[in-house]
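Thanks for making the time this morning.

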Amino acid sequence: MGATARPELDAEWETFKTKYEKQYENGDEETRRAAWEANYDFIQDHNAAYASGFETYMVGENEFNDLTNQEFVSMLNGFRQADDSSVSTNNVFEPREKAAPTKVDWRTKGYVTPVKNQKQCGSCWAFSATGSLEGAHFNKTKKLVSLSEQNLVDCSAKEGDHGCGGGLMDNAFKYIKDNNGIDTEQSYPYTAKNGNCMFNKTNVGANLTSWTDIKNGSEEDLAMAVSAVGPISVAIDAGHPGFQMYKSGVYYSILCSKTRLDHGVLAVGFDQQEMFGMVQKFWIVKNSWGESWGQKGYINMAKDVGNMCGIATQASFPVV
């Protein structure tokens with residue numbers, strides 16, 4: 001990068017490194033510091049705009065602030081969109097109710113495991129898939145079992161997934177069905193890298209019989225599914241600096257695409273709040289970037305404003 005570090009930020013840089021236990025190889029610190037400083041400036045500018053009422057959410061520091069946005073997206077956003085040849089002939093969700101309630105939060109009902117951290121591996125799709133299956137399994141058995149993302153990373157290549165190189169939640173569901181189950185987190189722990197398949201059928205934590213897609217682009221159907229079924233796997237466009245450094249508020253960005261989806265997450269509910277004299281509706285979304293990111297690992301994303309970030313473009317859930 002060659003840019004000279006700003007001495008007035010030395011203390012904050014040292015604090016960042018200590019807090020997130022950062023250690024850099026020879027010569028790498030200068031590059032990381034430059035990325036961190038650029039992100040520091042972005043945070044100051046964005047939050048000034050928020051304070052003036054021009055933004056609906058705040059940003060802040062997390063463990064990824066020494067990555068440029070491009071690096072961050074290539075490492076952490078591993079959702080691969082289905083090409084047209086693999087467009088599924090799955091069941092499509094048909095809502096039974098006339099309207100969804102105004103708020104739902106499955107975290108309060110025991111359906112959701114603690115926030116996990118995929119680290120620098122593009123396995124978001126696996127975390128999204130385990131999240132919706134953990135909820136469906138809980139609904140059926142009243143037992144919350146944390147399921148193994150590593151099992152999916154290592155074993156679902158035949159279904160079209162690429163481990164840390166990305167994948168699809170529906171492919172993960174297909175693997176679990178073909179495989180007659182998925183191991184527990186405890187029996188097959190996460191390593192954040194591709195490995196050999198070590199599935200062991202004596203350690204199965206959950207299974208599924210099929211999976212259901214939600215009508216493309218329908219936030220109304222997604223809300224009905226979230227309220228009737230439980231946590232739902234969703235794909236979004238998470239490729240923007242504001243998302244990388246999200247801290248609080250309702251995420252809304254005109255840069256966000258409804259069709260270029262790069263990240264798999266979990267819709268665990270929705271709610272609304274009054275802000276600037278208006279009702280703001282939002283999805284409650286569980287991410288897999290650890291608790292230093294967002295609101296202890298969660299983000300509130302704008303709801304019913306034209307399918308923001310494509311949250312309803314490619315949503316699905318397992319049936320157990």
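Before I come to a particular pair, let me say that helices here are DSSP runs of at least four residues, numbered from the N terminus. Please also keep in mind that this is a predicted model.

With that in place, consider helix H2, where Glu37 and Arg33 are separated by about one helical turn because they are four residues apart in that helix. Their side chains meet in a salt bridge, with an N to O distance of 2.9 Å, and both Glu37 and Arg33 are buried. For Arg33 the relative accessible area is 9%, which can be set against the cut-off for buried, namely under 20%.

Arg33 has a further partner in Asp10, again in a salt bridge at 2.9 Å, N to O. Asp10 counts as partly exposed, at 35% relative accessibility. Taken together, Arg6, Glu8, Asp10, Arg33, Glu37 and Asp41 are linked in a network of salt bridges.

How many salt bridges does the count come to? The count is 18, and one more deserves a mention, that between the side chains of Lys174 and Asp178, at 3.0 Å, N to O. Both residues lie in helix H6, four residues apart, which is about one turn of the helix. Lys174 is partly exposed at 36% relative accessibility, and Asp178 is partly exposed at 39%.

Let me turn to the cysteines, where the count comes to three disulfides. The disulfide between Cys121 and Cys164 has an S to S distance of 2.1 Å, and the torsion about its S-S bond is about -95°, so this disulfide is left-handed. Cys121 sits in the loop between strand E3 and helix H4, whereas Cys164 sits in the loop between helix H5 and helix H6, 43 residues apart. Cys121 is buried, with a relative accessible area of 1%.

Cys155 and Cys197 form another disulfide, with their sulfur atoms 2.1 Å apart. Here the torsion is about 100°, so the disulfide is right-handed. Because Cys155 lies in helix H5 and Cys197 in the loop between strands E4 and E5, the pair ties together parts that are 42 residues apart in sequence. Cys155 is buried at 11% relative accessible area, whereas Cys197 counts as partly exposed at 43%.

The disulfide of Cys256 and Cys309 has an S to S distance of 2.0 Å, and with a torsion of about 105° this disulfide is right-handed. Cys256 is in the loop between strands E8 and E9 and Cys309 in the loop between strands E11 and E12, so parts 53 residues apart in sequence are tied together. Both of these cysteines are buried.

If the bonded cysteines are numbered in sequence order, the pairing reads 1-3, 2-4, 5-6. Cys124 is in no disulfide, and the nearest cysteine sulfur, that of Cys121, is 9.0 Å away; Cys124 is buried, with a relative accessible area of 0%.

Terms used. Residues numbered from 1 in each chain as written. Predicted model: local features only at pLDDT ≥ 70, side-chain atom pairs only at ≥ 80, totals over all residues. Heavy atoms only, no water. Disulfide = S-S within 2.5 Å. Helix = DSSP H or I, 4+ residues; strand = E, 2+ residues; numbered from the N terminus. Buried < 20%, exposed > 50% of the residue type's maximum accessible area, 1.4 Å probe, protein only. Salt bridge = Lys/Arg side-chain N within 4 Å of Asp/Glu carboxyl O.
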